[in-house]
Amino acid sequence: MNKLKSQIAVTYSFKTVRNQAIIKGALLILGIILMQACQNSPKHNTSQVQDEEHPNITKLKSQNAEFIPEIIKLNEKVYVAVGYDGSNASMVIGEQGVVIIDALRALGAAEKVAEEFRNITDKPVEALIYTHGHLDHTGGTSAFIGNNKDVKIIAREGFKDELEEHSPVEPILKQRNIRQFGRDLPAKDIINRGVAPGITPTDRAGKGYIAPNLTFQDSITLNLAGIDIELHAADGETNDELFVWIPDLKTLFTGDNYYKSFPNLYAIRGSQYRDVKSWGESIQKMSTYPVEYLVPGHTRPVSGKTLVHSNLKNYSTAILSVYQQTIDAMNKGYTLQQTVDSVRLADSLIEQPNLQEFYGSVPWGVRSIFLHYVGWFDGNPTNLYPLSSSQEAKHMVELAGGEEKMFHKLSQALEKSDYQWGLELADYLLKTDYEKVKVTKVKIALLRALAAEQINAPARNYYLSYSYELEKSLEKSAL
Ligand SMILES: [Zn+2]
């Protein structure tokens, strides 16, 4: 600041100035000096830090390179369409025809890809394989095969059995789905969906779906369009998942058991248990094949035997390590939260580019495994008959010395970037009769602050979507 004072003094020493221009110039210099002084003050530094992009957001944005639309020629006979929709569709060219693997979601997007494929070869589609039943891989089939009833459409037995349209809680699943994928977010908030672009085509989504006409149980080898193709059941993200292995081309299609992100062992939109152990073992099995070309269900394909092998290896190690650590912690009698707190990936795995938590999240996987094996009771008798949420909130507010004091702590939590603690305090207050609008506004700020430093796209999308819902509810209550 001393330097600043002397600079100001120098500026004011222009006593002999005789014209307006010089005075203006001096004032300008003074303005610049004052601006610099403000920028150097600690208060301004804090807001500057908040405005800067968090490194996690920069990383999440870098994942967008995985979704740039492109028809990738992977080898002489395999083409992969990336970025035309949320997932990938591939074409394998045989002697007398082609085989399509996965069909995207939107019929409009599938038609574009089908046209691109036809520009490469006009051989007819002889078969189409679904790697699993999720709509983002099955909605555009008719674009590839038209009305041709002779095309083999192949999937596993039990195909689509577990999907949400069969769920009695479908309405809430739909709402959570909208939040996880950020479907209603304004464009300025959208980065991506972890393993898919932030916005995906909606032109006739799902309208091209055609049911399989050939299913198998464990494994099957078929000669399709003159190519020997092995299909192997591989429980993982879904229980109808399979992988496709083409020995002659050394190419393996993983379905959604593999993509460039830590796997989504549990989907926060609400999903049934994804068999984590089987998922890890499915990838382990893939890693025993001499794969040179790996085609994931999402994100760009990977080439090169060594890279493919190490990617599959670290993926299965990560999944099985999360699984085993969870089981071990549970057997020690740890509660759910203690189990979550105790599980972490080895440093060597945390650093792997294909294991960043863009889509899946380690603690979510741990919770899912824990609940799968023992249900809701975490073993601590405190939790057999817990206080109702309003009783608990009442006691916590008392403990804090009253609502005003708790609100003060809440505001402090926001200021100190202790966002999660802030959310918990806000939730206590929201269960009381204390000023709902005031608390909700802080909760909105906390959710947005968390979103601004999240590497995980579903979490970021959920925080933001929920914050807009709260904002809308405030607007409604003000009317
Ligand atoms: Zn998918």
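Me: Buried means under 20% relative accessible area, exposed over 50%, and partly exposed in between (1.4 Å probe, protein chains only). Is Leu104 buried or exposed?

Reply: This is a predicted model, in which local features need pLDDT of at least 70 and side-chain atom pairs count only at pLDDT 80 or more, while totals for chains, interfaces and linings use all residues. Residues are numbered from 1 along each chain as its sequence is written, and side-chain values use heavy atoms, with hydrogens and water left out. Leu104 has 0% relative accessibility, so it counts as buried.

Me: How many helices and strands does the chain have?

Reply: Helices (H or I, at least four residues) and strands (E, at least two) are DSSP runs, numbered from the N terminus. By this count the chain has 17 helices and 13 strands.

Me: What share of the contacts in the chain between residues at least 6 apart in sequence joins residues at least 24 apart?

Reply: A contact means heavy atoms within 4.5 Å. The chain has 479 residues, of which 48% count as buried. Among contacts between residues at least 6 apart in sequence, the share joining residues at least 24 apart is 68%.

Me: Which residues give the protein donors of the zinc ion?

Reply: Donors are N, O and S atoms within 2.8 Å of the metal (3.2 Å for Na, K and Ca); water is not among the atoms, so sites may look incomplete. Along the chain, the donors of the zinc ion follow the spacing D-H-x118-D-x41-H. Lying 2.1 to 2.3 Å from the zinc ion are OD of Asp136, NE2 of His137, OD of Asp256 and NE2 of His298.

Me: How far apart in sequence are the parts that Asp136 and His298 tie together?

Reply: Asp136 and His298 are both buried. Asp136 sits in the loop between strand S5 (125-129) and helix H6 (141-145), and His298 in the loop between strand S12 (293-296) and strand S13 (302-303), so the parts tied together by the pair have a separation of 162 residues.

Me: What kind of geometry does the site of the zinc ion have?

Reply: Four donors count as tetrahedral if all angles lie between 85 and 135 degrees; four count as square planar and six as octahedral if opposite donors are over 155 degrees apart and all others between 65 and 115; anything else is irregular. Here the angles among the four donor atoms are 90 to 165°, and the site is irregular.

Me: How far does H9 reach from its first C-alpha to its last?

Reply: The expected span of a helix is 1.5 Å times one less than its number of residues. H9 has 27 residues, for which 39 Å is expected, and its reach is close to that, at 39 Å.

Me: Which strands stand at the edges of the open sheet of six strands?

Reply: The order of this sheet is S8-S9-S10-S11-S12-S13, with mixed pairing. Two strands pair if DSSP finds at least two bridges between them. A single partner strand leaves one side of a strand without a neighbour in the sheet, which is why the edges are strand S8 (219-224) and S13.

Me: In which sense do S11 and S12 pair?

Reply: Thr251 stands opposite Tyr293 in S12. Strand S11 (residues 251-255) and S12 share four bridges, and the sense of their pairing is parallel.

Me: What is the phi of Asp102?

Reply: Asp102 is in the loop between strand S4 (98-101) and helix H5 (107-120), and it counts as buried at 2% relative accessibility. Leu104, in the loop between S4 and H5, has a positive phi near 60°. Most residues other than glycine have a negative phi. Asp102 is not a glycine, yet its phi is positive, at about 70°.
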